[in-house]
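Please keep the sequence and the model in view while reading.

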Amino acid sequence: MGTLVGHVAPGFGFFVIGLWHLVNHIKLHALYPNSYTSLPWFPTSKHRYSELFLIMAGCTMSVAMELFIGPARHQPFDTDGTIPSNHLHNFEHASISMTFFVYAFFSILLDKIETKTKYSLTQLLACVAFGQQLLVFHLHSSDHMGVEGQYHKLLQIIIVLCLATTLLGINYPQSFEISFVRSLSILFQGLWLMVMGFMLWIPQLIPKGCFLNSEDGHQVVRCHDNEALHRAKALVNIEFSWYIIGVTIFAVTIYLMLLKFYPEKAEYESLTKLIEQEEEFDDIEARKENKYQGSKSFLHVGKSAGPIDMER
């Protein structure tokens, strides 16, 4: 990160995964609304683990860009083997990518092993990844006090939403609303990352009164005075609110379209299950009838027994 490509590329990845989840959750709920159960990831028709392999490939490329391709000497360390100050953010961003790689890798292993807790553990791994991402952006080593900082503050709100809905999804896998918001928040995170890349590193899109300044080998947006800075931050807030409206309209429109495209399927119980329930019902009725007959016989014997004269 720290460049246009560094924000747009991972942002596009989050956007694609969020859109993929959104469409599949809506489709699954539209077809089976009564038995809907959320999934942490979705297999494809050609390969079961395409989504997870895509995440692993993207994370590998991100780590390579941050630590080996991006630096001028193609390695992030100083001559004495320490981490220089201008490469601290590279390690922070690489740490986020590594955590998402761990999530995807162990999701595959958990699915192959077929453990009873694979759903909750997979969701927990996603929580660790989002939690790590939130921690890094909140305690970022870069100066986030200006316009870029305002973008990152709003980004943290989206990450908190991703983390919260993923945590809730562990205990409420049947909740379509939680899965819907989670998918939408992942999509929105990707969209906002792409917006940050364009708005912070394309000179024509920088707010009036601000400019790109080269600092420690990185381009940073700075403003001429406080008035220009406050105006730029206000514009970022307005931009964020407009994107919220746009994403909401997009999500509801997709939902309504897919409801028409995927009509609800009739959910039938298996014949074996129905037979078992019928046999169980018959057994209960038989036990009740036997109990009733036994009580009736006891009463009949009691009434027919007359007084017995005892002779000494």
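## Overall architecture

In what order do the elements of the chain run from the N terminus on? The order is α-α-α-α-α-α-β-β-α-α. The secondary structure of the chain comes to eight helices and two strands. Here helices (H or I, at least four residues) and strands (E, at least two) are DSSP runs, numbered from the N terminus.

The model is a predicted one, in which local features need pLDDT of at least 70 and side-chain atom pairs count only at pLDDT 80 or more, while totals for chains, interfaces and linings use all residues. Residues are numbered from 1 along each chain as its sequence is written, and side-chain values use heavy atoms, with hydrogens and water left out.

The chain has 312 residues, of which 38% count as buried. Buried means under 20% relative accessible area, exposed means over 50%, and partly exposed lies in between (1.4 Å probe, protein chains only). Contact means heavy atoms within 4.5 Å. Among contacts between residues at least 6 apart in sequence, 70% join residues at least 24 apart.

Helix α4 covers residues 118-138. The expected span of a helix is 1.5 Å times one less than its number of residues.

The buried residues of α4 are Tyr 119, Thr 122, Gln 123, Ala 126, Cys 127, Ala 129, Phe 130, Gln 133, Leu 134, Val 136 and Phe 137. The cover over these residues includes α1 (4-31), α3 (88-113), α5 (147-171) and α6 (176-201).

## The nonpolar core

A nonpolar core is a set of buried Ala, Val, Leu, Ile, Met, Phe, Trp, Tyr and Cys residues joined through side-chain atoms within 4.5 Å. The largest one has 57 residues, and those with the most contacts inside it are Leu 52, Val 147, Tyr 151 and Trp 192. Two or more residues of this core come from each of α1, α2 (50-69), α3, α4, α5, α6 and α7 (226-261). The most is given by α6, with 14 residues.

Which residues are in contact with Val 147, leaving aside its neighbours within four places in sequence? They are Leu 200, Cys 210, Val 221, Cys 223, Leu 229, Ala 232 and Val 236.

## Pocket and cavity

Both kinds of space are found on a 1 Å grid over the protein atoms alone: a cavity is a set of points where a 1.4 Å probe fits but cannot get out, and a pocket is an open set with protein on both sides within 12 Å along at least five of seven lines; lining residues have an atom within 4 Å of a point. Grid points are joined across faces, edges and corners, and a volume is the space filled by probe spheres set on the points. Among lining residues, Ala, Val, Leu, Ile, Met, Phe, Trp, Tyr, Cys and Pro count as nonpolar, Asp, Glu, Lys and Arg as charged, and the others, Gly among them, as polar.

The largest pocket holds about 1,000 Å³ of space. It is lined by 42 residues, and the closest to its centre are Ala 9, Pro 10, Gly 58, Ser 62 and Ser 97. At least two lining residues come from each of α1, α2, α3, α4 and α6. By class, the lining has 23 nonpolar, 16 polar and three charged residues.

Helix α3 has 26 residues and reaches 38 Å from its first C-alpha to its last, close to the 38 Å expected. Asn 90 is in α3 and counts as buried because its relative accessibility is 7%. Just after α3, Glu 114 takes a positive phi of about 60°.

Ser 85 lies in the loop between α2 and α3 and counts as exposed, at 65% relative accessibility. Asn 86 is found in the loop between α2 and α3 as well, and is partly exposed, with a relative accessible area of 30%. Not counting residues up to four places away in sequence, Asn 86 touches Asp 216 and His 218. Asn 86 and His 218 are 132 residues apart in sequence, yet 8.7 Å apart in space, C-alpha to C-alpha.
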